[in-house]
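Please find below a report on the model shown here. It covers the ligand shell first, and then parts of the fold.

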Amino acid sequence: MVTGRFLDELVALDPEQFDITVISAEGFGSYNRIMLSSILAKKATVASIIQKDEAWYQSNDIGLKLGLSALKIDTEHKQVLLSDQSIISYDHLVIATGSRASKIPAKNLHLEHVIFFRTINDTHLILNQCANTQRALVIGGGLLGLEAAYGLAQQGVKVTLLHRSGWLLNRQLDEKSGKMLQDIMQNMDIEFRLKDEVVSFNGEQSLESVTFKSGDTENFDMAIIATGITPNSEIGLDAGLEGNRAILVDDYMQTSDDHISAIGECIEHDGQTFGLVDPLWRQAKTLALRIVKDEKQAFIQQEVATKLKVSGVQLYSAGQVETKYNNLLCIEDQSAGVYRKLIIKSNKIVGIVLFGDVSSGPFYFDLMQQQQDVSKLLPNLIFGEQAVSVEDK
Ligand SMILES: Cc1cc2nc3c(=O)[nH]c(=O)nc-3n(C[C@H](O)[C@H](O)[C@H](O)COP(=O)(O)OP(=O)(O)OC[C@H]3O[C@@H](n4cnc5c(N)ncnc54)[C@H](O)[C@@H]3O)c2cc1C
């Protein structure tokens with residue numbers, strides 16, 4: 001995804017300056033990966049999410065090598081070895097290899113119908129298997145796992161979602177709102193197994209059952225793993241670039257090699273790796289400005305708000321979700337299914353959790369981003385943007 005955005009920036013700034021080649025291990029040009037969950041939920045098609053087809057690359061005079069992986073970088077000779085054994089030379093290399101679904105420490109991950117959810121091909125595998133599936137297990141109660149479980153339920157598959165923690169989206173929601181989310185999704189015919197983990201996938205060749213840490217074994221004919229992501233950083237780290245969890249870049253997306261930059265989920269910036277697209281767009285811009293115009297616009301990390309792509313669920317969260325020491329504003333309307341919590345520290349919003357009614361989310365988020373003193377907006381602030389008088393804003 002970040003390569004697509006970076007190419008847009010390059011073409012807009014100066015389409016003639018570079019002779020560009022894109023190497024893509026997948027069989028497609030840039031596509032909107034975010035929408036894969038919507039394809040599972042029958043709300044989008046593969047054709048509708050392709051952002052740059054082969055004709056786009058041709059018309060912009062950009063080389064595209066589809067279905068080929070970069071295997072090795074020779075930094076001394078400035079060359080890249082591809083999986084068809086061909087070699088490409090570069091003046092400047094941009095690594096944007098993203099990440100992959102993380103493995104889980106369970107036995108028999110190799111069984112057929114145990115599927116990691118990341119690509120168009122994974123989505124095809126899942127959809128093809130739906131017709132033959134009585135029961136599916138989705139592993140991971142984060143955004144991706146919840147969207148996958150919802151998608152499978154929309155396909156008419158009986159789904160159980162397994163999550164290690166005590167409530168869903170435990171990094172983005174507090175226990176109260178996590179349970180509210182669970183209630184709504186249970187009404188969509190999704191079952192939940194919390195505070196448990198997979199010990200082994202069982203079957204001869206394909207998945208037949210799953211054994212859990214709690215000791216239970218249950219029959220499943222498909223399992224989808226969506227527990228987190230691992231940066232595809234080996235290509236850079238093996239070539240000697242600095243980095244720990246991912247490829248280290250400075251504020252201008254420069255790696256430890258002057259001729260190599262990196263952007264997207266494969267990078268590490270100021271101790272952080274990335275898993276949402278919002279910061280990636282700004283990384284693409286920073287890099288394009290530097291290499292096209294030699295202009296230094298530093299990439300700055302910013303808070304990102306969480307939203308879930310499940311219809312019927314309204315949630316919005318940013319910053320801290322739990323507090324021991326800070327001021328807490330909270331309201332709950334059980335009959336309307338509305339819950340709203342703001343965490344305030346030194347008169348500034350440092351955490352937002354909204355469930356059921358998210359209309360004031362962007363308003364609170366702006367106040368948080370701008371570090372605005374909200375003392376004058378109290379006590380009405382918790383009732384939403386409309387409840388705060390215009391003069392006080
Ligand atoms: C189902 C799903 C839903 C999501 N929903 C959201 C959402 O709602 N909001 C949000 O902000 N984010 C969402 N994300 C995350 C978002 O998709 C990622 O942040 C984004 O795709 C990362 O972009 P990227 O370019 O760094 O990596 P990718 O999009 O993964 O692209 C990297 C590409 O590099 C290729 N590659 C890897 N290694 C090599 C190699 N050696 N040689 C050649 N090619 C290689 C990969 O095959 C891949 O095609 C979602 C992700 C998924 C899977």
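## Ligand shell

At least two residues of the shell around the ligand come from each of helix H1 (2–13), strand E1 (21–24), helix H2 (36–40) and helix H9 (277–293). Helices (H or I, at least four residues) and strands (E, at least two) are DSSP runs, numbered from the N terminus. H9 gives the largest share, three residues. The model is predicted: local features need pLDDT of at least 70, side-chain atom pairs count only at pLDDT 80 or more, and totals for chains, interfaces and linings use all residues. Residues are numbered from 1 along each chain as its sequence is written.

There are 29 residues around the ligand, and those that come nearest are Ala25, Thr97, Gly98, Gly264 and Leu276. A residue is near a molecule or strand if its C-beta atom, placed from the backbone, lies within 6 Å of it. The shell has 14 nonpolar, nine polar and six charged residues. Here Ala, Val, Leu, Ile, Met, Phe, Trp, Tyr, Cys and Pro count as nonpolar, Asp, Glu, Lys and Arg as charged, and the others, Gly among them, as polar.

The shell lies between domain 1 (2–99 + 230–293) and domain 2 (114–227), because both give residues to it. The domain bounds come from an automatic or database domain assignment.

## Phe117

Phe117 sits in the loop between strand E8 (114–116) and helix H5 (120–130). With 23 other C-beta atoms within 10 Å, Phe117 is buried. Buried means 20 or more other C-beta atoms within 10 Å of the residue's own, exposed 12 or fewer, and partly exposed in between, with C-beta atoms placed from the backbone.

Beyond its neighbours within four places in sequence, Phe117 is in contact with Ala101, Asp122, Ile126, Leu144, Ala148, Ile224, Ile225 and Ala226. Contact means that the C-beta atoms, placed from the backbone, lie within 7 Å. Phe117 and Ala101 are 16 residues apart in sequence, and their C-alpha atoms are 6.6 Å apart.

## Helix H5

In H5, Thr123, Ile126 and Gln129 are buried. Seen down the helix axis, these buried residues fall within an arc of 135°, so they line one face of H5. The arc is that of the directions from the helix axis to the C-beta atoms. Their cover includes H2, E8 and strand E15 (222–225). Asn121, His124 and Asn128, on the other side of H5, are exposed.

## Strands E9 and E10

Four of the five residues of strand E9 (residues 135–139) are buried. E9 runs parallel to strand E10 (residues 158–163), joined by five bridges. Two strands pair if DSSP finds at least two bridges between them. Ile139 stands opposite Leu162 in E10.

Notes: Two residues are in contact if their C-beta atoms, placed from the backbone, lie within 7 Å.
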